[in-house]
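Q: I'm new to this one. Can you walk me through its inner spaces and one of its sheets?

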Amino acid sequence: MLQLPSQEVGTPIPNNTAHAISVTLPTWEATVGYEEGQEWVTSKMNSGYPRFFIHLIIQDLAKAIESKYGREGERCMIFPSYNTAKRCREFIKQKTETANILVRVLRLRTPAPTTDFEKSSVIESEIGIVLFPASEFPLAKQYWQHSGEGISSRMGEYVLKELFDNEGKDQARARSRNKQELQAQSIQKKSPSISASMRSNSLGQNEEAEREFNTFIEQKYGRVLDLKFSKEAKMALRRRICGKADKSHNQEEEMDKARRGKFLSETDVYLYPTGMASIFNAHQAVLAVEENPKKSVCFGFPYVDTLNILKKFGPGCYFLGHGDDASLDTLEAELKSGETEISALFCECPSNPLLKTPDLQRIKALSEKYNFLVIVDETVGNFLNISVLPYADMVVSSLTKVFSGDSNVMGGSLILNPLSENYKRLKQYFDENYEDLYWAEDALYLERNSRDFEARARIIDQNAEEVVKLLQDSDIISEVFYPRLSPSKHHYDTVKTPNGGYGGLMSMLFKEPRQAITFFNAVNLHKGPSLGTNFTLACPYSILAHYQELDEIEKWGVDRNLVRISIGIEDRDELLGVLRSSLEVAAKEE
């Protein structure tokens with residue numbers, strides 16, 4: 001069944017979800033209003049994509065920190081470690097136009113658990129805080145957005161409770177325990193299956209009963225309470241990722257790996273708080289392992305912050321926005337002449353929002369000939385559909401998207417290719433520098449969400465194919481962007497897994513701009529940022545992601561009136577019916 005979408009500006013997507021990662025912008029006009037900062041939109045924003053909208057809980061935590069530790073006129077930005085906060089401080093100091101600026105970094109730590117009961121719900125954690133003059137907030141926000149390393153809302157909620165509860169830490173913990181005991185009593189009444197063990201053992205006194213109780217809550221009510229299992233959840237995630245990524249290789253590649261005695265393992269998978277953090281840290285690795293770092297290449301029109309990372313950190317980048325074979329011809333000619341030297345090439349497979357696929361075989365060959373690293377973002381394709389690891393030194397992905405699906409937790413991964421000639425130096429870098437910033441509760445949610453990843457991804461692929469056919473048959477649509485329809489389809493098919501599909505993301509152009517607006521306003525779907533959700537999600541992509549540079553992006557083939565749709569797992573006939581009726585409304589526009 002289709003989820004009933006909210007049409008109220010600023011409400012979270014999914015509805016009534018405290019840590020939702022999307023937000024309702026139900027009309028074209030509301031999206032423009034959001035981008036222009038119009039009060040009728042911004043005043044209603046109770047949620048938002050976490051790298052762009054600082055969650056209200058994190059805002060409360062920041063106010064508490066500023067009140068207790070800040071000096072007059074200072075604001076703060078909060079990160080999950082001291083090292084990430086120091087990186088933000090350096091960014092502010094490098095980019096500021098303010099002379100003799102004072103930027104301070106503060107480290108705070110929450111208490112460790114002291115009783116067996118607390119080990120289920122209390123975890124020692126550190127946050128790093130950057131304190132700076134209020135005038136520098138836009139720069140701090142840039143680092144937060146580009147790097148993806150900011151504190152998560154769940155971690156913010158936990159730290160706020162542990163460090164700033166008005167009635168004191170001990171009283172807060174006592175209330176938490178009482179609340180869980182009352183919850184246990186309530187659930188016992190509803191569930192005879194655990195009543196017997198709970199009657200004979202008080203909560204927290206018998207570990208077996210407590211385990212059964214927490215498991216029951218998670219399975220029946222979808223709650224995750226037991227933070228002590230976060231290490232196991234992270235291990236399960238890494239194994240799930242490398243297992244799927246490993247199985248996606250074809251038999252010839254598996255035989256080659258066997259001959260060379262190297263196999264992908266969970267130790268080659270690194271978890272990050274966001275997909276953008278995995279890209280940021282891949283770029284940091286490039287800068288660190290190169291003796292004299294040179295510019296990178298951004299190949300193809302990418303998601304906005306990938307390009308920002310390459311431009312604003314390190315020596316800069318060359319932007320080959322078309323991402324086609326002609327662009328590779330140009331790059332090869334410049335590399336051959338010695339006119340251009342690069343440290344790395346970053347690309348998406350396929351790209352967002354035009355769904356182009358780069359020639360990864362040729363890129364790999366060029367990288368070996370001219371000695372540069374290749375980093376592929378496979379978020380849109382996902383590793384069930386495409387196998388890009390053989391062509392890359394590092395593969396990055398946003399686990400926030402289809403891997404999670406539920407749109408209630410952020411996450412990212414970075415995989416090292418153990419067959420890469422650069423593996424040894426990259427592995428040494430990550431062994432020495434990797435910092436686990438992934439908050440425990442977020443890992444627990446992501447692990448649970450991703451258990452049925454494969455089944456959901458297959459449904460999404462099938463639904464998407466039917467939607468594409470509907471859009472192709474429409475008289476008012478001039479072009480549909482989808483990997484199967486792209487001139488670069490043969491490049492996609494080269495990396496496509498034997499049972500893979502073409503993914504759930506597509507974009508479309510209407511023959512008349514007004515038809516795009518009418519369609520978007522009429523369509524009864526969730527409307528907001530993100531993709532890869534279990535529910536279909538639409539947005540006027542160019543307006544939402546590039547409102548300040550609409551003329552510039554059209555140079556790269558991205559039309560200002562582009563509508564992007566991420567397909568979900570709803571009933572196919574219902575979804576097609578909603579889209580068909582909206583197309584009919586748009587067709588009436590003169």
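This is a predicted model: local features need pLDDT of at least 70, side-chain atom pairs count only at pLDDT 80 or more; totals for chains, interfaces and linings use all residues.

Q: How does the lining of the second largest cavity divide by class, then?
A: Into 6 nonpolar, 6 polar and 1 charged residues.

Q: Which residues lie nearest the centre of that second largest cavity?
A: Val380, Val402, Gly504, Leu505 and Gly532, out of 13 lining residues. The volume of the second largest cavity is about 110 Å³.

Q: Which domains does its lining draw on?
A: Domain 1 (11-47 + 453-588) and domain 3 (266-448) each give at least three residues to the lining of the second largest cavity.

Q: How many cavities of 30 Å³ or more are there?
A: The structure has 10 of them. The largest cavity has a volume of about 270 Å³. It is lined by 25 residues, and those closest to its centre are Pro50, Ile151, Ser152, Ser153 and Met410.

Q: And the classes in the lining of the largest cavity?
A: There are 11 nonpolar, 10 polar and 4 charged residues in that lining.

Q: On to pockets. What volume does the largest pocket have?
A: About 790 Å³. Its lining has 40 residues, with Arg51, Phe52, Tyr303, Val304 and Ala545 nearest the centre.

Q: Which elements give two or more residues to that lining?
A: Helices α1 (28-35), α12 (275-289), α13 (304-312) and α21 (541-546), along with strand β11 (394-398). By class, the lining of the largest pocket has 19 nonpolar, 14 polar and 7 charged residues.

Q: Which domains are involved in the largest pocket?
A: Its lining takes at least three residues from each of domain 1 (11-47 + 453-588) and domain 3 (266-448).

Q: New topic: in what order do the strands of the open sheet with β3 run?
A: The order is β3-β5-β4, with antiparallel pairing. β3 (74-79) and β4 (104-109) are the edge strands, each pairing on one side only. On average, neighbouring strands of this sheet are turned by 25° against each other, direction ignored.

Q: Over how many bridges do β4 and β5 pair?
A: Over 6 bridges, in the antiparallel sense, with β5 covering residues 126-133. Arg107 has Gly128 in β5 as its bridge partner.

Q: Which helix packs on this sheet?
A: Helix α5 (residues 137-147) does, touching β3 and β5. The direction of α5 makes about 5° with that of β3.

Definitions and conventions. Residues are numbered from 1 along each chain as its sequence is written. Side-chain values use heavy atoms; hydrogens and water are left out. On a 1 Å grid over the protein atoms alone, a cavity is a set of points where a 1.4 Å probe fits but cannot get out, and a pocket is an open set with protein on both sides within 12 Å along at least five of seven lines; lining residues have an atom within 4 Å of a point. Grid points are joined across faces, edges and corners, and a volume is the space filled by probe spheres set on the points. Ala, Val, Leu, Ile, Met, Phe, Trp, Tyr, Cys and Pro count as nonpolar, Asp, Glu, Lys and Arg as charged, and the others, Gly among them, as polar. Domain bounds come from an automatic or database domain assignment. Two strands pair if DSSP finds at least two bridges between them. Helices (H or I, at least four residues) and strands (E, at least two) are DSSP runs, numbered from the N terminus. Axes are lines fitted to C-alpha atoms, for helices over the stretch in contact, and angles run from 0 to 180 degrees between N-to-C directions. Contact means heavy atoms within 4.5 Å.
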